[in-house]
Amino acid sequence: MTSPHPRAEHGSGETGMNTRERQLTEAFVALSDTLADDVDALVLLGRLTRHSVALTGIDAAGVMLVNARGHLRPATATEQTVELTEMWQAQIRQGPCTDAFHQGIPVHADDLEADRDRWPEFVPLALAAGYGSAHAVPLIARSKAIGALNLLARRPTSLGEGETHLLRALADVATTALMTWKKDGLRAEDIATRTQSVLSGKAAFDTATGMLAATADITPAQAARHLTAFADRHHHRPTEIAADIVQRRIAPEAVLGDLP
């Protein structure tokens, strides 16, 4: 994939290689941080999608996780249209993300126009959403697929072997952190419970942002930013604040009124 990474300007005192090394270090440190009080699973997966975009030049990314019934569900995304494409993949059981999850290997579609026969229902939907290329990397925990990292580009785009290896490494670090959230050991039967917990947190977060959006007549994206900012200022995890809003322990007006 032709994806030029930012290079430092001459005289800045930092070479392009040093910039790249710094970006990689920040990504892996952020993905392995499970100790901070304000970090929860959705925050961690959000970091995975953002760093995947920043480090590869792909336009957008999302994560799907398997629920207790064995079905993939969207967990987080950098763009709303990504979450829509993930929902389509889950509903029609077609697409790179679905295949990566079931096969346990990266799946690439450099040019979606050329993959209509492979995914006859998914490809027209993805093209209509503005994406010309799609890739996916499985999320593996103890040799078991628990979901997939979905990567989309607006133009036909290929991922090189090095970029695919990097994405797998980022996904592995995030998955390991997700599965070892608590200091006690993780049993094999705990994996489904852990992923279901993440999806439940996602559902609460979406419900809470909907309540905030309706209260203040703002978009869900704006509401999500307000909720996250409130959680940051009060040193709580976003999913904890979301649950409090849904359970009426915190009024939407309190979150919105706290804004500077």
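This is a predicted model: local features need pLDDT of at least 70, side-chain atom pairs count only at pLDDT 80 or more; totals for chains, interfaces and linings use all residues.
**View A. Helix α4, residues 96–103, and its buried residues.** Six of the eight residues in α4 are buried, so the helix is largely enclosed by the rest of the structure. The buried positions are Pro96, Cys97, Thr98, Asp99, Ala100 and Phe101.

**View B. The residue that follows α4.** Gly104 comes after the helix and has a positive phi, near 75°.

**View C. Helix α9, residues 238–246, and the residue with positive phi just after it.** Within α9, the buried residues are Pro238, Thr239, Ile241, Ala242, Asp244 and Ile245. Just after the helix, Arg248 adopts a positive phi of about 65°.

**View D. Packing of helix α8, residues 220–233, against α9.** The crossing of α8 past α9 is right-handed.

**View E. Residues in contact between α8 and α9.** From α8, Leu227, Thr228, Phe230 and Ala231 take part; they meet Pro238, Ile241, Ala242 and Ile245 of α9. Sorted by class, this contact comprises seven nonpolar residues, one polar residue and no charged residues. Pro238, Ile241, Ala242 and Ile245 also belong to the buried residues of α9. An α-helix has 3.6 residues a turn, so residues three or four places apart point the same way.

Technical notes
Residues are numbered from 1 along each chain as its sequence is written. Side-chain values use heavy atoms; hydrogens and water are left out. Buried means under 20% relative accessible area, exposed over 50%, partly exposed in between (1.4 Å probe, protein chains only). Helices (H or I, at least four residues) and strands (E, at least two) are DSSP runs, numbered from the N terminus. Axes are lines fitted to C-alpha atoms, for helices over the stretch in contact, and angles run from 0 to 180 degrees between N-to-C directions. A crossing is left-handed if the near helix is turned anticlockwise from the far one by less than a right angle, and right-handed if clockwise. Contact means heavy atoms within 4.5 Å. Ala, Val, Leu, Ile, Met, Phe, Trp, Tyr, Cys and Pro count as nonpolar, Asp, Glu, Lys and Arg as charged, and the others, Gly among them, as polar.
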